Amino acid sequence: MSKNKEQGFSTRNLHADRADKPEHGVLHKPIHTSVAYTYDDARDLAAVFQGKMAGFSYGRQQNPTVNALQARITKMEQGLTSTAFATGMAAIGSTLFALLRAGDHMIASAFLFGNTNSLFNSFRNFGIEVSFVDTTSASAVAAAIQDNTRLVFTETIANPVTQVADLEGIGQLCQQHGLIYLVDNTMTSPWLFQPVSVGASFVVNSLTKTIGGHGNALGGMLTDTGLFDWGSYDNIFDNYRNGDVRLWGTTQVRKKGLRDFGATLGPEAAHHLAIGSETLPLRMDRTCDNAQSLAEFCEKNPAIKQVYYPGLPHHPQHKRATSLFKKYGSIMSIDLADHIDCFDFLNRLQCVVSSSNLGDTRTLAIPVAHTIYYEMGAERRASMGVSDNMIRLSVGIEDIDDLLQDFSQALS
């Protein structure tokens, strides 16, 4: 293929595996199920373990099929290198475990996904301070910075109320203060937004969602953008202070996070996710367009009190989302009128599926307060803007007329 002109996102992704020249000229990297590897010279095995030679040591740390997926996502995010995990939560938890120590402080969005919020509260039990702040305001983040602050974590679009973080402002703050800037890009995906553009140090994606796109495999990915100065970071262990300084952080995550915790992505799942990712732009364009139309429909329906979607002009961060993202995403939420029972409404839907996943080809709906945010309690839910009658929607690729008809009959 010609190298005279840089290829577009879809073309690069479709032909990503060919760059590795997979066996027998196949177009997709095969599924390698072996967990053990051997070398003709036992000295080479030792060299691989010691990081002196490239190669595979053990399936918990490396696999050819998984490596191909890592290379694919690295190109999507315009990063330096990527590390795959069994889930997005495993990617986040393993990264924090590897890079933070007791006595450190981190800043996180107050509007975090429920499971991420639970995880960060658990880290408090191990001596890591966590401040939850309104990341739609860089000044709120700045006010929370302490002498022991090491990292700032935010999502691009919050789930489920769709607040859009001040990604550029926070990036500038992190650069000024030498902080790790970890951005969860799951709700936007690298098709709509690339956090490297706002100075992110790390980008995390739950591959289970829009990148895989078909609800048939779990996976997570951490991408190192190469922008953070690891030479100035005190928490890097001496064992990993060698070679390319840009890789010190990722090396420690792979050794102390992936290897020690063992949250390994399996090759079968990696293959499913890689195949699913090939249609990411097509699916995201369709789901975003559907979400925009559905949000506009819901906004006009008297049975719905409030619609939360960055594509609507009244959304508090509409201008920011317009500036940052190609489109506004496929996640939206609605507050039903008080007289409507949220469960009855969900049961009346025929095309839309009641389910907890996101980024599927099908439109999914879930009663937020009663499921994924139930453990938070009423007080914390209220602080995040989550009402008891809120329905979160992950809009799919159905024909929009069918979705609108389904909502119309369920709300009538």
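User: In this predicted model, which residues does leucine 167 touch, not counting residues up to four places away in sequence?

Analyst: Leucine 167 touches Thr154, Glu155, Thr156, Tyr181, Val183, Phe193, Val198, Leu324 and Phe325. Each of these counts as a contact because contact means heavy atoms within 4.5 Å.

User: What makes Leu167 stand out in the largest nonpolar core?

Analyst: That core holds 55 residues, and Leu167 belongs to the group that touches the most other members, together with Met332, Ile334, Leu336, Phe345, Ile391 and Phe407. Another core lies apart from it, with 32 residues that include Leu112, Phe120, Ile180 and Val253.

User: Why is glutamate 6 called exposed?

Analyst: The relative accessibility of glutamate 6 is 63%, and exposed means over 50%; therefore glutamate 6 counts as exposed.

User: How do you know that glutamate 6 forms a salt bridge with arginine 12?

Analyst: The closest N and O atoms of glutamate 6 and arginine 12 are 3.8 Å apart. The rule asks for a side-chain nitrogen of Lys or Arg within 4 Å of a carboxyl oxygen of Asp or Glu, so the pair qualifies. By this rule the count comes to 15 salt bridges.

User: Why is arginine 12 called partly exposed?

Analyst: Arginine 12 has a relative accessibility of 22%. Buried means under 20% and exposed over 50%, so arginine 12 falls in between and counts as partly exposed.

User: How do you know that the salt bridge of aspartate 285 and lysine 327 links distant parts of the chain?

Analyst: The side chains of aspartate 285 and lysine 327 meet at 3.9 Å, N to O, which is within the 4 Å limit. The partners are 42 residues apart: aspartate 285 is in helix α11 (residues 280-299), whereas lysine 327 is in the loop between α12 (318-324) and β9 (331-336).

User: Why are aspartate 285 and lysine 327 called partly exposed?

Analyst: Aspartate 285 has 25% relative accessibility and lysine 327 has a relative accessible area of 24%.

User: Which residues are linked in a network of salt bridges?

Analyst: Asp17, Arg72 and Glu278 are linked in such a network.

User: How many residues line the largest pocket, and which element gives the most to the lining?

Analyst: About 980 Å³ of space lies in the largest pocket. Of the 30 lining residues, Gly51, Gln62, Thr251, Arg254 and Lys255 are the closest to its centre. The elements that give two or more residues are α2 (42-49), α3 (64-76), β1 (81-85) and α9 (248-261). α9 gives the most, with 6 residues. By class, the lining has 10 nonpolar, 15 polar and 5 charged residues.

User: What lines the second largest pocket?

Analyst: This pocket holds about 610 Å³ of space and has 32 lining residues, with Met89, Phe113, Gly114, Asn115 and Thr116 the closest to its centre. α5 gives the most to the lining, with 6 residues.

Key. Residues numbered from 1 in each chain as written. Predicted model: local features only at pLDDT ≥ 70, side-chain atom pairs only at ≥ 80, totals over all residues. Heavy atoms only, no water. Core = buried A, V, L, I, M, F, W, Y, C linked by side-chain atoms within 4.5 Å. Buried < 20%, exposed > 50% of the residue type's maximum accessible area, 1.4 Å probe, protein only. 1 Å grid on protein atoms, 1.4 Å probe; cavity = no way out; pocket = protein on both sides within 12 Å on 5 of 7 lines; lining within 4 Å. Points joined across faces, edges and corners; volume = space filled by probe spheres on them. Helix = DSSP H or I, 4+ residues; strand = E, 2+ residues; numbered from the N terminus. Nonpolar A, V, L, I, M, F, W, Y, C, P; charged D, E, K, R; others polar.
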